[in-house]
Amino acid sequence: MKLNSPHHLTYCTNIHPGESWDEVLTNLKTYVPNLKQRLSPDAPFGLGLRIANKATYPLLKGNTIAEFQQWLDQEDLYVFTINGFPFGGFHRQVVKDHVYAPDWTKPERVEYTLRLLKILADLLPTSSQISTSLDGGISTVPISYKLWWTTDAERKMVYQQSSQNISEVAAQMHLVEAETGQHLHLDLEPEPDCVVENTRELIDFYQEWLLPLGGGYLVAKYGITPTEAEAWLRRHIQGCYDTCHFALEYENPLDALDQFKQAGINIGKIQLSAAIQVKLPADAEKRGEIGDRLRPFAESTYLHQVIERYPDGSLHHYPDLPAALSHLASTPAVEWRTHFHVPIFLKDYQAMESTQDHIQQLLLGLTERSQCRHLEIETYTWDVLPPDMKLDISTSIQREYEWVLAQL
């Protein structure tokens with residue numbers, strides 16, 4: 001939905017389980033018209049699609065996209081962003097680190113993303129449809145998962161191969177823009193324990209690998225100048241700022257946006273989500289109570305990385321919540337932040353809090369620090385939330401929208 005600002009707000013449909021196109025379309029028809037009526041009855045309502053790899057094939061066959069577009073028009077809906085992070089199964093099965101596969105070293109990731117590019121180019125609304133021109137973005141994995149690579153040679157290969165593959169996507173996006181005028185971008189989404197997990201690592205990847213190596217690839221393959229290659233990469237390869245992930249890294253959101261701006265890296269999408277944070281008392285009994293409160297979140301579907309902060313400000317990572325819980329009694333840390341996307345409209349979770357304040361800080365300074373227009377609510381863990389936190393899904397999504405709109 002278009003806000004009274006440059007921004008468009010949506011929610012990511014990865015909240016709804018479903019990998020096939022039929023399942024995706026059924027979920028959209030079940031939930032979206034009702035949400036639009038509640039939230040935007042008299043104006044177009046934007047969608048953030050999550051389309052798994054297997055769903056891209058039928059969507060690109062025959063008249064499927066045209067028929068989908070007809071339904072969008074009928075319901076006064078429009079698509080401007082796609083979550084291209086999870087390639088395959090994402091609900092009701094063990095996901096864990098498989099969510100990063102295939103990574104950006106693999107041709108399957110390139111081919112999947114290029115199919116998403118085609119889909120988004122076909123669906124991106126015209127200015128006549130929504131009374132404004134709008135860019136389109138695809139969020140994606142932050143290169144790969146660090147724990148898969150153990151040697152310097154392996155890590156160098158990851159940077160080199162990923163830079164070339166990502167640059168090829170930039171080239172295809174440039175060709176689409178030259179032909180249609182549509183500005184599309186690929187948005188790398190930093191996440192804990194990934195090859196790119198924070199502000200500094202995204203800037204370093206961009207400056208030390210993507211621009212020199214990817215730029216050289218574009219010069220050699222497309223016969224363009226180094227200046228043109230850099231322009232293609234800066235325009236079409238951007239960042240996805242997930243407020244849960246950056247809060248996990250204990251980053252200040254306004255400082256992060258300033259650093260990206262100074263480095264010439266655009267943010268294509270802001271994902272609005274919250275992590276669990278808890279202050280760790282010295283008292284052993286109180287720590288035990290915190291452990292009891294956290295254990296229901298140590299479920300088997302997703303990775304729930306924990307980053308703890310020591311009194312001197314230094315950080316230590318645990319790859320998953322069960323590993324962290326085994327150290328709860330003895331760690332000298334004073335705070336834990338846990339990668340579990342909890343509802344953003346709540347701050348207090350009984351002996352725990354969310355990183356809601358990170359979202360508030362970012363939204364307050366967003367317009368003056370970034371040209372990003374895409375805001376996407378991304379709480380996808382409703383299925384695995386502890387029972388005492390579950391609400392009707394439509395009501396929950398509505399409450400998330402209403403909380404964001406109140407901040408803006």
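**The parallel sheet and its surroundings**

Author: Happy to! Helix 8 lies across strand 5 and strand 6, and runs at about 25 degrees to strand 6. Contact here means heavy atoms within 4.5 Å, while axes are lines fitted to C-alpha atoms (for helices over the stretch in contact) and angles run from 0 to 180 degrees between N-to-C directions. Helices (H or I, at least four residues) and strands (E, at least two) are DSSP runs, numbered from the N terminus. Helix 10 also packs on the sheet, where it touches strand 6 and strand 7, and its direction makes about 180 degrees with that of strand 6.

A word on the origin of these values. This is a predicted model, in which local features need pLDDT of at least 70 and side-chain atom pairs count only at pLDDT 80 or more, while totals for chains, interfaces and linings use all residues. Residues are numbered from 1 along each chain as its sequence is written, and side-chain values use heavy atoms, with hydrogens and water left out.

Eight strands make up an open sheet with parallel pairing, in the order 1-13-7-6-5-4-3-2; two strands pair if DSSP finds at least two bridges between them. The edges are taken by strand 1 (8–11) and strand 2 (45–50), each with a single partner strand, so one side of each has no neighbour in the sheet. From one strand to the next, the twist averages 30 degrees.

Let's walk along part of that order. Strand 5 (residues 184–188) pairs with strand 6 in the parallel sense over three bridges, and leucine 188 stands opposite glycine 239 in strand 6. Strand 6 (residues 237–242) in turn pairs with strand 7 over four bridges, again in the parallel sense. In that pairing, cysteine 240 stands opposite lysine 269 in strand 7. Strand 7 is then joined by three bridges to strand 13 (residues 374–377), and the two run parallel. Here leucine 272 stands opposite isoleucine 377 in strand 13.

How many residues of strand 7 are buried? Six of the six residues of strand 7 (residues 267–272) are, so this strand is largely enclosed by the rest of the structure. Buried means under 20% relative accessible area, exposed over 50%, and partly exposed in between (1.4 Å probe, protein chains only).

Back to helix 8, which also has a helix to pack against. Two packed helices are described by the angle between their axes and the distance between the axes. Helix 7 (residues 199–222) and helix 8 (residues 226–236) pack at an angle of about 120 degrees, and their axes are 8 Å apart. Helix 7 and helix 8 are therefore oblique to each other; angles under 35 degrees count as roughly parallel, over 145 as roughly antiparallel, 65 to 115 as roughly perpendicular and the rest as oblique. Their crossing is right-handed, a term used if the near helix is turned clockwise from the far one by less than a right angle, with anticlockwise giving left-handed. Among the residues that meet are Tyr206, Leu210 and Tyr222 in helix 7, and Pro226, Trp232 and Leu233 in helix 8.

The whole structure holds 17 aromatic pairs; rings of Phe, Tyr and Trp (its six-membered ring) pair if their centres lie within 6.5 Å, and planes under 30 degrees apart count as stacked, over 60 as edge-to-face and the rest as tilted. One example is tilted: the rings of phenylalanine 85 and tyrosine 100 have centres 6.0 Å apart and planes at 55 degrees. Phenylalanine 85 and tyrosine 100 are both buried. Phenylalanine 246 lies in helix 9 (residues 243–248) and phenylalanine 260 in helix 10 (residues 253–263), so the pair ties together parts that are 14 residues apart in sequence. Phenylalanine 246 is buried, as is phenylalanine 260.
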